[in-house]
Every structure is written in C-alpha cells, then in structure tokens.
Amino acid sequence: MALSHHYAVRVDWTGNLGTGTDTYRSYSRDHDVSSDGVPTLLGSADPTFRGDRSRWNPEQFLLAALAQCHMLSFLSHCARSGVVVLSYTDEAEATMETSGGGGRFTSAMLRPRVVIAEESMLEKAIALHGPASQDCFIASSVNFPVHHEPVVTVRAATS
C-alpha cells in the first residue's frame, strides 16, 4: 500500500523596492522561504537573472535537495547493512541550459566523499550507492540524469 506524504512551504516575495514590477529592473528578486518549525531561508534568483548572490537560488535548492536525498538514503542503507559511516561530504554540481525565455536542468553530478570505519566494509559501502540512488525520492522525481562519482575511504588508523 502506497503512503502519501504532504509537505508545505511558504514563499514571501520581499523585493518590492517601491514600484513593484513596473519594469524588469525595478524590483528585487529577494524572497523568504519558510515552513513551520525550521529556520527561514533567504532566497533570490541566480545572479544571471538579477538575483542576489548572497541568497540561495532555486537552482541551488534543487541541487541541494538531490545531494541531501542521496546522502540520507545512503546513510540509511549503510546503517541497515552494517556499514559504519564516519563522515560524508558531497560537492555536487548540475548543469542547466536556457533557450529563449525558458530552460531546464540537463544533468547533475553528485560526488560523495565517504569515510567508513573498517576496511571490511569498503566493497559494501561502494555498492550501496546504487540502491541509495534508486531509493532517492528527489532523483526519482526529476527528468534529467543524476550521476554519481562516489569515493569511499577507510578511516586512517590511529597510533
């Protein structure tokens, strides 16, 4: 039986500089993204589209969601499979192409860097990126490929 999950966010445009959107250059793209019980995120457009580079843009949010989802799925698989992860970092990138007034993401590359506790867990840790990718809700929801270049290492021995 399928379970349904509901999510809600609020987006408030804070960029009216006094004349609203009377021209393309007369307003800020700044906005707040909020949801009950979590800190508000400061959003804007990508600087290419007159946004504030000190705020998160929707394209970064999408890439962050992909990277977070893969990480959480991977950690879950590791915990259930006896692989002890000590650290996880991902330096993800994505490509978006624009044409005319629109655009779309064409690919994403996740680069998880994982440190595990023991050498005996190495093969399994590497292999678990496959099912983690298949189980990622966000990656399953996008219409572009999400690639992975994981690197898994074993914690250095302490003397």
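Helices (H or I, at least four residues) and strands (E, at least two) are DSSP runs, numbered from the N terminus. The model used here is predicted.

**Exercise 1.** Locate Phe 49 and decide whether Phe 49 is buried, partly exposed or exposed.

*Solution.* 
Step 1. Find the flanking elements. Phe 49 sits in the loop between β3 (41-43) and α1 (58-81).
Step 2. Apply the cut-offs. Buried means under 20% relative accessible area, and exposed means over 50%.
Step 3. Phe 49 has 32% relative accessibility, so Phe 49 counts as partly exposed.
Step 4. Look for partners. Tyr 24, Phe 49 and Met 96 make up a nonpolar surface patch, with about 280 Å² of accessible area together.

**Exercise 2.** Describe the salt bridge between Asp 12 and Arg 10, and classify both residues.

*Solution.* 
Step 1. Side chains of opposite charge can pair when their charged atoms come close.
Step 2. Classify. Asp 12, at 26% relative accessibility, is partly exposed. Arg 10, at 52%, is exposed.

**Exercise 3.** Trace the salt bridges of Arg 111 to Glu 93 and to Glu 149.

*Solution.* 
Step 1. Glu 93 pairs with Arg 111, their closest N and O atoms being 3.6 Å apart. Glu 93 is in strand β5 (residues 93-99), while Arg 111 is in the loop between β6 (102-110) and β7 (112-116), 18 residues apart.
Step 2. Arg 111 also meets Glu 149, at 3.2 Å, N to O. Glu 149 lies in the loop between β8 (146-148) and β9 (151-154), so this pair ties together parts 38 residues apart in sequence.
Step 3. Arg 111, at 22% relative accessibility, is partly exposed. Glu 149, at 36%, is partly exposed.

Conventions. Residues numbered from 1 in each chain as written. Predicted model: local features only at pLDDT ≥ 70, side-chain atom pairs only at ≥ 80, totals over all residues. Heavy atoms only, no water. Patch = residues over 30% accessible without salt bridge, like charges linked within 9 Å, V, L, I, M, F, W, Y side chains within 5 Å. Areas by Shrake-Rupley, 256 points an atom, 1.4 Å probe, with all protein chains shown as cover. Salt bridge = Lys/Arg side-chain N within 4 Å of Asp/Glu carboxyl O. Buried < 20%, exposed > 50% of the residue type's maximum accessible area, 1.4 Å probe, protein only.
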